[in-house]
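Here are a few worked exercises on a two-chain model. Try each task yourself before you read the solution.

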Amino acid sequence: MTSATSPRGLEWFSRRELAKLPALLRVAPGDPAHQVTGKRILQGLLLLLLAGGAAGLLAFFRGHHVLGTTHEIPWGVLIAGYVFFVVSSTGLCLVSCLGHIFGIEILEPIAKRSVFLALVMMLSGFALIGLELERPLLLMWMAVASPNLSSPIWWMGMLYGVYLLALAGELYLLLARKEPWARRVCQLKSIVAVAANTNLGFVFGSLHGRPFWFGGATPVYFIATAFVSGTALMMLMVYLTDRFSGEGTVRPPNEVLLRFLGKLLGLFLGILLLFTVWRALAGLASGGEHLFQVVRSLLVGPLFVSFWLFEGLLVLGLPLVVVLSGWRTRTGALVFAAAVTTLGMFLVRYNFVYAGQMLSLRPLTGPMGEIFDYSPPFKGTVAGILPYTPSWVEIAIVLGAVSFTILAYVVGNKVLTLGEEAEG
Amino acid sequence: MRHEDERPAPYWNSYVAGIGLGLVLLASFVVMGRGLGASGAATRFASYAVHKVDASLGGGTRAEADSIARRNSYMAEYLPREGDPFDDFLVYMFLGVLVGGFVAGLGGGRVRFETIRGPQTSDRRRLVLAVLGGIVSAYGARLARGCTSGQALTGGATLALGSWAFMLAVFAGGYALAWFMRKEWL
């Protein structure tokens with residue numbers, strides 16, 4: 001137990017492990033191969049984190065000048081990254097709460113880890129949106145001093161703020177072994193998580209000027225994607241934690257858990273597949289030229305590759321093949337499915353954010369400035385599509401946030417008693 | 001689904017596969033009005049990647065108009081100012097080949113993670129040589145204005161002299177290098 005080296009009342013915190021953290025990065029001569037690989041990866045992640053930190057400082061002090069966003073494409077990869085992190089965090093929380101709320105015992109041993117990872121992902125998400133907003137400190141102050149209750153974005157901040165506090169509270173209660181209270185907080189947190197996630201969907205869904213995002217289906221789409229991301233991340237978390245610690249192999253109970261999560265992933269992917277198909281068909285059938293052109297761009301236009309490759313192959317195609325075939329009993333195949341789903345979901349967010357803004361909203365004007373068409377400046381062609389390329393600063397910030405999430409999870413897994421092996 | 005211990009299905013008879021490929025080529029001429037090709041799609045992907053990475057390093061969207069790929073006359077051909085850089089038959093074909101290969105692998109029970117190599121070499125060496133070989137042959141394909149699909153198969157089918165010269169050069173190059181590389185496979 002770690003209590004021998006921990007301050008009184010903080011039995012779940014290991015001071016001894018904290019002192020040993022630098023050893024996580026140092027490759028020692030006697031290290032087994034899997035630990036050497038793990039340490040090399042952590043070293044790489046630390047470098048990415050430093051690069052991300054430097055880029056974050058640039059963005060903080062220089063603002064939008066160093067981002068690739070424009071007046072017409074104001075939301076870029078930082079917003080996509082923010083959506084990825086917070087929606088994945090919600091999904092992780094909701095899937096782990098299935099154990100508490102519905103008594104699915106197989107999920108209970110990983111509750112602490114899931115909550116901790118969800119917490120870290122929220123912090124990464126907040127960091128991304130903070131840097132995107134240019135003045136995060138002003139935002140924090142104004143959200144309290146001058147709240148706009150009719151703004152979905154204000155509610156987004158508020159609900160996710162409450163969700164973050166609930167995550168922190170639940171983690172503490174779980175670590176302090178106050179299970180009954182943790183269970184209650186978990187139930188409340190699930191409600192807040194659903195509210196926050198669907199409200200984030202409504203931030204997009206309430207923009208009637210952006211037909212691709214607009215509509216009541218968008219919040220439901222967000223919750224469906226949360227379950228997909230959350231399950232895939234949980235599978236990766238379970239696998240990687242075993243793979244790079246102890247013996248370097250997945251422990252038998254976790255193999256069973258991975259197969260269970262694989263089935264869940266299949267269910268959620270099936271729901272997402274239906275959503276994707278009907279959303280696309282509804283877009284093609286829509287009377288509005290704008291929505292039709294965006295969906296056409298995704299299916300057979302400029303976003304063809306990213307739609308079919310990221311959304312079709314990575315998120316829906318390959319993982320579904322794995323979980324619906326005999327491969328669903330193989331750990332390696334399940335982890336592959338989880339990895340491509342996670343990567344694909346990030347790119348799906350990027351597609352979603354960009355596709356909503358890719359068509360100019362400026363009216364088409366004649367030589368004398370007269371307005372004669374409010375529809376995008378093309379009919380049936382792909383001309384008139386607004387470009388967007390993220391700047392290296394944006395890319396470095398996103399990679400830094402990914403690195404921070406993984407490194408913080410590794411540190412938390414060492415220093416806190418998040419799992420059985422951490423207590424031994 | 002096949003079990004792990006079950007052997008993969010045997011490969012197709014190469015003559016049957018050859019006739020099948022010929023029919024695909026014929027269908028391509030009839031339906032699309034042009035033959036097959038592979039390296040053209042890769043060039044489009046590469047040009048697009050260079051364009052985007054350079055714009056990204058230059059500050060993002062605002063640097064797109066004057067990216068290094070746009071200034072390069074060869075790459076600029078693949079980056080239309082208006083329209084879609086991937087709106088080309090070869091791109092769709094390229095993705096179709098990947099999907100078709102995957103499906104064929106599934107059907108034959110051959111889909112697995114592995115490094116196919118000779119018994120005397122290591123995985124790392126095999127991968128390094130494969131990447132180097134890929135770079136050399138991709139560069140050669142663009143110098144020759146086509147690869148084994150675009151030049152040898154499509155051009156050869158139309159009896160283009162340059163394509164036959166290309167094909168003979170590929171075989172000559174392959175035989176000339178085989179002696180030096182034999183240890184990688186034997």
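**Exercise 1: a serine in chain B**

Ser39(B) is buried, at a relative accessible area of 13%; buried means under 20%, exposed over 50% and partly exposed in between, with a 1.4 Å probe and protein chains only. Before going on: this is a predicted model, where local features need pLDDT of at least 70, side-chain atom pairs count only at pLDDT 80 or more, and totals for chains, interfaces and linings use all residues. Residues are numbered from 1 along each chain as its sequence is written, chains are lettered from A and ligands numbered from 1 in the order in which they are written, and side-chain values use heavy atoms, leaving out hydrogens and water.

Task: Find the helix that holds Ser39(B), then list what Ser39(B) is in contact with, leaving aside its neighbours within four places in sequence.

Solution: 
- Step one: Ser39(B) sits in helix α2 of chain B, residues 39-57. Helices here are DSSP runs (H or I, at least four residues; strands are E, at least two), numbered from the N terminus.
- Step two: with those sequence neighbours set aside, Ser39(B) is in contact with Ala141(B), Arg142(B), Gly146(B) and Cys147(B). Contact means heavy atoms within 4.5 Å.

**Exercise 2: chain B as a whole**

Task: Work out how many helices and strands chain B has, and what share of its residues is buried.

Solution: 
- Step one: count eight helices and zero strands in chain B.
- Step two: of the 186 residues in chain B, 27% are buried.
- Step three: for the extent, the C-alpha atoms of chain B fill a box of roughly 55 × 40 × 40 Å along the principal axes.

**Exercise 3: the core and chain A**

Task: Say which residues touch the most other members of the largest nonpolar core.

Solution: 
- A nonpolar core is a set of buried Ala, Val, Leu, Ile, Met, Phe, Trp, Tyr and Cys residues joined through side-chain atoms within 4.5 Å.
- Step two: the largest one has 124 residues, and Tyr82(A), Tyr160(A), Tyr163(A), Leu200(A) and Phe204(A) touch the most other members.
- Step three: helix α3 of chain A (residues 77-102) supplies the largest share of this core, 16 residues.
- Step four: zoom in on Tyr82(A). Not counting residues up to four places away in sequence, Tyr82(A) touches Gly125(A), Phe126(A), Leu128(A), Ile129(A), Met156(A), Tyr160(A) and Leu200(A).
- Step five: zoom out again. Of the 424 residues of chain A, 54% count as buried.
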